[in-house]
Amino acid sequence: MIHLPDSTNKSRFNRRTFIAATAGTALAAPVAARAIGASAEPAAPQDVSSPVNTTLRVNGEDKPLTIDARTTVLDALREHIGLTGSKKGCDHGQCGACTVLIDDRRVVSCLTLALAAQGKDILTIEGLAKDGKLHPMQQAFVDQDAFQCGYCTPGQIMSAIACVKEGHAGTDDDIREYMSGNICRCAAYPNIVAAVKQAAPEILKG
Amino acid sequence: MRPFAYQRAGDPSSAVRVLAGSEDDIPPTVAAIQALAGGTTLIDLMKLDVMRPSTILDINPLAEGWSEIKLDGGDLWLGALARMSDVADNPDIQRNYPVVADSLKLAASAQLRNMATLAGNVLQRTRCTYFRDVSYAACNKRSPHSGCAALEGFNRPHAVLGTSDQCIATYPGDFAQALIALDATVDITGRTGERTIPFAQLHRPPGDSPETETTLTPGDLISGFTISGSFPRSVYVKVRDRQSYEFALASAAVALDLQNGFVREARIALGGVATAPWRAREAEAILGGQRFDDGIAGRAAEAAFAGATPRKDNAFKIELGKRVVMHALHQAATMEI
């Protein structure tokens, strides 16, 4: 008889806790980090492979980071800060799974350099629930069964909140057009439209 | 992605100095120092290893002076760093320049429109698969004199107008068709100071040097676009494989000046079918001074594609393109303004 280990009882180890636990340790070695010059004058030749010190404001909290200049906001969130809600789908701005709000505007975090997001307010799916209560759009996705596998869902929800606040959720056609940057391979689209319609009045009411 | 140094621009003149570097006779697209605006083209192509800058200059700090939307008398000035979504959602532009608003609204996704700037959109690179995939050795645009894999490859999305035997890559943008149709001008800050050129002189067809896509040189920064007059009777029609969030297979920007059913002036530009923003002047000439009807619209559409060169998989774009022109003309002629 084959006896499979019961991962829920015998081990608390899973992929999510692994990423969260290791995030931030990758560059913890005490290397000399560079600072970004605010001047645009040609600077002395830099060793471009050495990490840079920066701070990102995520869900209202300042997060000091030491990162490679190539790090996107998405990788900073997932690999350095431990917020794995924002998902990496295509990593080329085509699928919307990585959507976050920066200064209240929805953007794809996979094409946004972390260094270019300094001084801005980044809001992720983890920053939505307040006092243990889901955001109306999160609740609407649950109520309307607006997902199957759930991988695109954090991006859908962030995008949907912005869609409503932009005033682009007035009709089903508008919702479909202005949510077209979020792909759902499970094709939960009809239920996503229903969720956006459910949450819109509550969000607009403020 | 290859390592790079990140710098932030202070002011336009120092940004121009940094971007100019020591190279002045190369296309800006291959310069070692690249300007970062919205990043939706640059970061994407750096991840694909198509673009390989050693330094990125973030020019977003210049947005304060270069992102305004100004309606001054009869003229419209659009700052180069204005975001696509802000211009598309502007009620004055929707009313007086519907072709501008719709060309932006029908492009990309809401997220990308929030990020991408007007100048970045105009300068976006082709979506040719062989250009974007470095595992194909043959791409004259990416590595000069290496050949063109698209000529005999899968060329359904490729251009039928403005092609050469070196390159048939389609210019992918929408907004540029509105700008070229409305005779916009481009404000440029460069090493020799500020200058203004017709938008029609910004891009160049591939010819024998597909790697050179524009008349810009390293250090040139677009600061804005000007459109003289208003064009309430104008439309942008875009046909694509999906209803939303896809590049054009064929599109048309049309502006008409109609009086008592006669065409005083017609402006037509084509997207999705040409190697650069494309003004269809032969089609415009057929309409000028004539009573507008379906017959003349059809003759104009024929003229627009008279010089088309189809390849193995893209001949359908000629018939599709003609129908898009006819549809756009009809829509512009019948719109209530």
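## Strand 1 of chain A and its partners

Two strands are said to pair if DSSP finds at least two bridges between them. In this predicted model, strand 1 of chain A and strand 2 of chain A, which covers residues 61-67, meet that description, for they pair in the antiparallel sense over seven bridges. Within this pairing, A:Thr55 has A:Pro64 in strand 2 of chain A as its bridge partner. The two strands form a hairpin with two residues between them, and in the turn A:Asn59 has a positive phi of about 50°.

Strand 1 of chain A is also joined to strand 5 of chain A, residues 121-123, by two bridges, and here the strands run parallel. In this second pairing A:Val58 stands opposite A:Ile122 of strand 5 of chain A.

## Two domains in chain A

The domain assignment of chain A gives domain 1, residues 49-127, and domain 2, residues 136-205. Taken over C-alpha atoms, the centres of these two domains of chain A are separated by 22 Å. Their contact takes 13 residues from domain 1 of chain A and eleven residues from domain 2 of chain A.

On the side of domain 1 of chain A that touches domain 2 of chain A, strand 3 (99-102) and strand 4 (105-108) of chain A each supply at least two residues, and strand 3 of chain A gives the most, with three residues. By class, the residues of this side of domain 1 divide into six nonpolar, four polar and three charged.

## Where chain B touches chain A

Between the chains, 30 residues of chain B are in contact with 33 residues of chain A. Several elements of chain B each supply at least two residues of the side that touches chain A, namely strand 1 (5-8), helix 1 (12-20), helix 2 (42-47), strand 3 (55-58) and helix 7 (110-115). Helix 7 of chain B gives the most to this side, with five residues. By class, the side of chain B that touches chain A has 15 nonpolar, eleven polar and four charged residues.

How values were computed
Residues numbered from 1 in each chain as written. Chains lettered and ligands numbered in written order. Predicted model: local features only at pLDDT ≥ 70, side-chain atom pairs only at ≥ 80, totals over all residues. Contact = placed C-beta atoms within 7 Å. Helix = DSSP H or I, 4+ residues; strand = E, 2+ residues; numbered from the N terminus. Nonpolar A, V, L, I, M, F, W, Y, C, P; charged D, E, K, R; others polar. Domains from an automatic or database assignment.
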